[in-house]
Amino acid sequence: CVTGPATVIQAVAAGRQASDAMDSFIMKGYIGEHNIDYSCSRGSMEDLPKWEFEEMPNIARLAMPALSLAERKGNFTEVELGYDEQTAKVEAARCLTCGCAERYSCDLRKEASRHDIEYKEPLHDRPYIPVVEDHPFIVRDHNKCISCGLCITACSEIEGPDVLAYQIKQGRQLVGTKSGLPLAETDCVSCGQCVNACPCGALDIRSEKGKVFRAISDPNKVVVGFVAPAVRSLVSSHFGIPFDEATSFMAGILKKLEFDKVFDFSFAADLTIVEETTEFLSRVAEKGILPQFTSCCPGWVNFVERRYPQLIPHLSTCKSPQQMMGATVKNHFAKISGIDKKDLYVVSIVPCIAKKYEAARPEFASGGIRDVDAVLTSNEMLEMLDLKRIAAAEIVPSEFDDPYKRVSGAGVLFGASGGVAEASLRMAVERITGNALVDQLDFQEIRGFKGIKEATVEAKGKKVRVAVVSGLKNVESIIEKVIQGEDAGYDLIEVMACPGGCICGAGHPVPEKAGILVERQQVLVDIDKTSECRKSQENSDIIRLYAEFYGTANSHLAHELLHTKYVP
Ligand code: HC1
Ligand code: SF4
């Protein structure tokens, strides 16, 4: 036990001499005027201090700049520390040990090393600026910002909402919001592309790894992990795995991380297609509100609710696959496995930051129990492997679990722009003509990276006009027409916030060279092409789920659990 004021280094040194069998970690103290009272209990994880560290308030992280991973492996029961803000600030500026998420891949550091630039004590210390925490999942640390403007460009030119701008405050050029409002109150869609663009960790996401590790080590929780369609594209490139082994390798990763049950939520993408296409065909038959926009991308839904609420009647009422999967696990799986839903801990693994925001929405927590308890990005999943020192060679390819084991190629295609519309067309054309689609399953014209793609499909004399848009700035011209009541020329419109779809999500590692996104897309296309089942409506686990639980598509129960209402 370490008591009394001590520098962090002294505290850690003393902590190392403490017993190995300690079961909690308490940090109390102060930095400047900031009080720190942080504690956590030890799970079974050897590396607990490291991953708990990721969850500490930022100011507490600043207090621990010297704790390299090796140093943090010491066991301590109680550390009381006093650390003056001046020292914390200087240590943070050193950056080598500042503990920020970029520490292993900071572009600024790489550039500095390339030019043999070394850190020297500054002649003038810039005043410390408190970290801005005005968004539930994105934090801005101006002390690290180099005013490069890449986040502003990502928001305006890559994604489209255009809510960030430079501000001059106390003689310094900082990044703030255009309106001056907290980020969460602007039209920010939580896509995270600004975080991805930041070269030096001044923008960071709030990690949920600590929560997930804690749940995994809790013997009273059954932890379910399910993984999004686009994650296998990353697994393939990151580990050099051929496309046809990527899915089982991904299941192996989750089992190695000790999830109790692992599902592929391409299954829920299939469920979405059945629900959403049924809704679309009803709107057509009943001369309802058209065009229908897809609703599976949470960044896009945020954009509609915040900037174009007039468009809400055009949005499909379907929840996203993530939320459909969460609701199905917490209700159907809980029922058939006899587990109380409060003992289930459901974790989604996705290439997206906006999905963290989506899962935390109050409307997806009926009775205060969230359908999805935590959301990890693909980056966080890789970091968890690192933290547990799991090498690729130790991962044993595995199968996903029943009762949602089977997925269609159409569900996997969701991960790239055009995939949702293509999967929907494979069902809509069949339902309109009454004949099985056999040869013409590929809709090439809506694949790829163009901002707006179109297809017109003829079925029994009826035309289905489809548009596929990725990158929110590309959808504005279509929205304007729809709002003015003009025929925009389409019946069904897929929108994905990130250019190219989820394969370019901000939760994936930043592509290091041109061509990576094309490779990621190709993995999904190849998986679809070689899948036994290529249509969502033919997935036998989906058919069984309707037979034993939901009844029919768009049934009363399906509406209760799989559909939502939007908040203008
Ligand atoms: Fe996506 Fe989706 S495809 S939104 O891009 O509809 O993140 O992969 O998970 O929910 O399925 C992301 C991907 C994802 C949903 C699905
Ligand atoms: Fe802009 Fe997306 Fe960043 Fe929000 S999360 S500020 S919308 S780039």
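Which helix gives the most to the shell around ligand 2?

1. This is a predicted model, in which local features need pLDDT of at least 70 and side-chain atom pairs count only at pLDDT 80 or more, while totals for chains, interfaces and linings use all residues. Residues are numbered from 1 along each chain as its sequence is written, and chains are lettered from A and ligands numbered from 1 in the order in which they are written.

2. The helix in question is α7, with three residues in the shell around ligand 2. Both α7 (150–159) and α8 (193–197) supply at least two residues each; helices here are DSSP runs of H or I, at least four residues long, numbered from the N terminus.

3. Around ligand 2 there are 14 residues, the closest being C155, P161, C188, C191 and C194. A residue belongs to such a shell if its C-beta atom, placed from the backbone, lies within 6 Å of the molecule. By class, this shell has ten nonpolar, three polar and one charged. Nonpolar covers Ala, Val, Leu, Ile, Met, Phe, Trp, Tyr, Cys and Pro; charged covers Asp, Glu, Lys and Arg; the others, Gly among them, are polar.

4. Ligand 1 is surrounded by 20 residues, of which A228, A230, C296, C352 and C502 are the closest. Its shell divides into 14 nonpolar, five polar and one charged.

5. Helices α10 (residues 231–239) and α11 (residues 243–256) pack at about 105°, their axes 9 Å apart. Axes are lines fitted to C-alpha atoms over the stretch in contact, and angles run from 0 to 180 degrees between N-to-C directions. The two helices are therefore roughly perpendicular, a term for angles of 65 to 115 degrees.

Notes:
Parallel < 35°, antiparallel > 145°, perpendicular 65-115°, else oblique.
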